[in-house]
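Dear colleague,

I am passing on the structure that we spoke about, and you will find it just below. My notes on what was found in it follow, and I would be glad if you read them with the model open.

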Amino acid sequence: LAMFTAQNQYLEIANGSGIRYLTQFGQAAGPITNQELVYTFQGLTDDGAYYVAAVFPVAQSDLPADMASADTSFPDGFETYIQGVKDGLETAVSNSFTPNLDYLDNMVSTITTQ
């Protein structure tokens, strides 16, 4: 289950299009960390024949490295915590991510199917 989405953006690929976003998948309330954060692209070819998916690990300079270094108290509630993380990721610039989101977008845009 995707815990949130952030940096949602429409992308064209060589013979299709889709949306890319950042998320962390989980089954329980837990902190958002660089160990679990992913960039994902989900799309379709122009003819509708193929579903195209790509998932890459990504890190952001303001997030904790892993669960051990994260605050798990959520004093204002988990939903408030998630919204705060999402808001921070929405305003983060591409080069605050490793790899840079622009680099990943450019790489994804070259995907093609036969």
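**What was found**

The protein chain has 2 helices and 6 strands, where helices (H or I, at least four residues) and strands (E, at least two) are DSSP runs numbered from the N terminus. This is a predicted model, in which local features need pLDDT of at least 70 and side-chain atom pairs count only at pLDDT 80 or more, while totals for chains, interfaces and linings use all residues. Residues are numbered from 1 along each chain as its sequence is written, and side-chain values use heavy atoms, with hydrogens and water left out.

From the N terminus on, the order of the elements is β-β-β-β-β-α-β-α, and the C-alpha atoms fill a box of roughly 50 × 25 × 20 Å along the principal axes. Of the 114 residues, 39% count as buried; buried means under 20% relative accessible area, exposed over 50%, and partly exposed in between (1.4 Å probe, protein chains only).

*The core*

The largest nonpolar core has 22 residues, among which Phe-4, Ile-32, Leu-37, Tyr-39 and Leu-89 touch the most other members. Such a core is a set of buried Ala, Val, Leu, Ile, Met, Phe, Trp, Tyr and Cys residues joined through side-chain atoms within 4.5 Å. Strands S1 (6-13), S3 (38-45) and S4 (51-57), together with helices H1 (78-91) and H2 (101-108), each supply at least two residues of this core. Not counting residues up to four places away in sequence, Ile-32 touches Met-3, Phe-4, Gln-24, Leu-37, Leu-63, Pro-64, Tyr-81, Ile-82 and Val-85, a contact being heavy atoms within 4.5 Å.

*Helix H2*

The buried residues of H2 include Leu-101, Leu-104, Asp-105 and Val-108. These four lie on the same side of H2, because they cover an arc of only 100° around the axis, the arc being that of the directions from the helix axis to the C-beta atoms. The face turned away from the buried side carries the exposed residues Tyr-103 and Asn-106, whereas the cover over the buried residues of H2 includes S1, S2, S3, S4 and S6.

*Two buried loop residues*

Ser-96 is found in the loop between H1 and strand S6 (97-98) and is buried, with a relative accessible area of 15%. Its side chain makes a polar contact with the side chain of Gln-60 at 2.9 Å, and the backbone oxygen of Val-93 lies 2.7 Å from a polar atom of the Ser-96 side chain. A polar contact here is a pair of N or O atoms within 3.5 Å; within protein, one must be able to donate a hydrogen and the other to accept it, and residues adjacent in sequence count only if both atoms are side-chain atoms.

Thr-33, in the loop between strand S2 (16-23) and S3, is buried with a relative accessible area of 0%. Leaving aside neighbours within four places in sequence, Thr-33 is in contact with Gln-24, Pro-64, Ala-65, Asp-66, Met-67 and Ala-70.

*Aromatic pairs*

A search of the whole structure finds 4 aromatic pairs; rings of Phe, Tyr and Trp (its six-membered ring) pair if their centres lie within 6.5 Å, with planes under 30 degrees apart counted as stacked, over 60 as edge-to-face and the rest as tilted. One of them is the tilted pair of Tyr-39 and Phe-56, 6.1 Å centre to centre with 50° between the planes.

With kind regards
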